[in-house]
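Please walk through this structure one region at a time.

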Amino acid sequence: LCMDIYSGKLYVGGSTWAQIDAFGLDRQCAAYELNNGRLYTGFAPNPSSTIQSMHIHQNSGILYIGGNFTNVRNDVPPSTTTVTRNRIAAWNIKTSPHTFLTSFDPNLNGNPLALATSGNMLYMGGSFTTVGGVTRNRLAAYNIETNSLDSSFNPNIGNGSVLTMKISGDHMYIGGDFTLVSGVTRNRCAKIRLSDGALAVSYT
C-alpha cells in the first residue's frame, strides 16, 4: 500500500480492495476527499495490476504511480479507453477531472518500487533493468520537463532491487536488497549524488 496527499485529497494505491465505484471499477488506485472520506470520481486510472509506488511532485501537481501494470485508463468513467503504460504513468491532479499525461512514458521492463523528485528530475528505483529500452539497472533519473532519460545518471545497482529512497540536498539515500553500486560493495544502503549518479565512497 502507498499513499500521498495533495490539495485536500488522499491518494491511495495498492492491490485491488473492496472499493468498487458506481461504474463497477475495482480500485487499485483512488483519491478520497480529506474532509469527508468520499471517493473522488474525477480520477479512475484502473491499472491492470498492483500499484507499488506513488509520488506527487508538489510544485507541478503531477501524480506518478508505479507498479506491475501494463495499461491504464486515460480518461474518467464512463469512458473505457485504455492505453499502454509499462509499470509507470502520470496524471495532472491540478485539473478536475484529473488529466492523464500522454507525453510521459518511460517504459520500464520491471517494477518501480520507490519514486522521488528533485527539481525537474524523477528518480525511479526498483527491479527494472531498462528504461525506454536503455539499460538502467534498478535506479534511473528521468527528466520530467523533456520526458527523457538522464544519460549522465547511471549508478548501476547490482544483485538486488532498490526498495526505498530519500533525497536530502544534492544526494539521495537508497535502501534495498542490493549488494553492489557501480561495481563497489554496498550492502543494502548507499548514498548517491543526484547530479551524476556517483557513489559517495565515504558513506559506508
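Is strand E8 (residues 88-92) mostly covered or mostly uncovered, and how many of its five residues are buried? The model is a predicted one, and in it strand E8 is mostly covered, with four of its five residues buried.

The neighbours of this strand come next. Strands of a sheet pair through backbone hydrogen bonds, either parallel or antiparallel. Strand E5 (residues 62-67) pairs with E8 in the antiparallel sense, and five bridges join the two. In one of the pairings between strands, Leu63 has Trp91 of E8 as its bridge partner. E8 is also joined to strand E9 (residues 99-100), again running antiparallel, by two bridges. Here Asn92 stands opposite Thr99 in E9. E8 and E9 make up a hairpin, and six residues lie between them.

Trp91 leads on to the aromatic rings. A pair of aromatic rings is described by the distance of the centres and the angle of the planes. The structure holds seven aromatic pairs. In the pair of Trp91 and Phe100, the ring centres are 5.4 Å apart and the planes meet at 65 degrees, so the pair is edge-to-face. The cut-off for that label is an angle over 60 degrees. Trp91 counts as buried because its relative accessible area is 3%, and Phe100 is buried too, at 8% relative accessibility. Tyr123 and Phe153 form another edge-to-face pair, with 5.3 Å from centre to centre and 65 degrees between the planes. This pair links distant parts of the chain, 30 residues apart: Tyr123 belongs to strand E11 (residues 121-126), while Phe153 sits in the loop between strand E15 (148-149) and E16. Tyr123 has a relative accessible area of 3% and is therefore buried; Phe153, at 0% relative accessibility, is buried as well. Ring pairs also link Tyr11, Phe43, Trp91 and Phe100 into a cluster.

The loop that holds Phe153 runs between E15 and E16, and E16 belongs to an open sheet of three strands. The order of this sheet is E16-E19-E20, with antiparallel pairing. Why is one side of strand E16 (157-158) and of strand E20 (184-185) left without a neighbour in the sheet? Both stand at the edges, and each has a single partner strand, so one side of each has no neighbour there. Strand E19 (residues 180-181) pairs with E20 over two bridges, and Leu180 stands opposite Thr185 in E20.

Empty space is the next topic. Rolling a probe the size of a water molecule over the atoms shows where empty space is left. The largest pocket holds about 180 Å³ of space. Its lining includes Cys2, Gln52, Leu113 and Lys166. The elements that each give two or more residues to this lining are strand E1 (2-6), strand E4 (51-57), strand E10 (112-118) and strand E17 (162-168). By kind, the lining of the largest pocket has seven nonpolar residues, three polar and one charged.

A disulfide is a covalent bond between the sulfur atoms of two cysteines. A search of the whole structure finds zero disulfides. For Cys2, the nearest cysteine sulfur is that of Cys29, 7.2 Å away. Cys2 counts as buried at 11% relative accessibility, and Cys29 is buried with a relative accessible area of 1%.

Terms used: Residues numbered from 1 in each chain as written. Predicted model: local features only at pLDDT ≥ 70, side-chain atom pairs only at ≥ 80, totals over all residues. Heavy atoms only, no water. Buried < 20%, exposed > 50% of the residue type's maximum accessible area, 1.4 Å probe, protein only. Pairing = 2+ DSSP bridges. 1 Å grid on protein atoms, 1.4 Å probe; cavity = no way out; pocket = protein on both sides within 12 Å on 5 of 7 lines; lining within 4 Å. Points joined across faces, edges and corners; volume = space filled by probe spheres on them. Nonpolar A, V, L, I, M, F, W, Y, C, P; charged D, E, K, R; others polar. Disulfide = S-S within 2.5 Å. Phe/Tyr/Trp six-rings, centres within 6.5 Å; stacked < 30°, edge-to-face > 60°.
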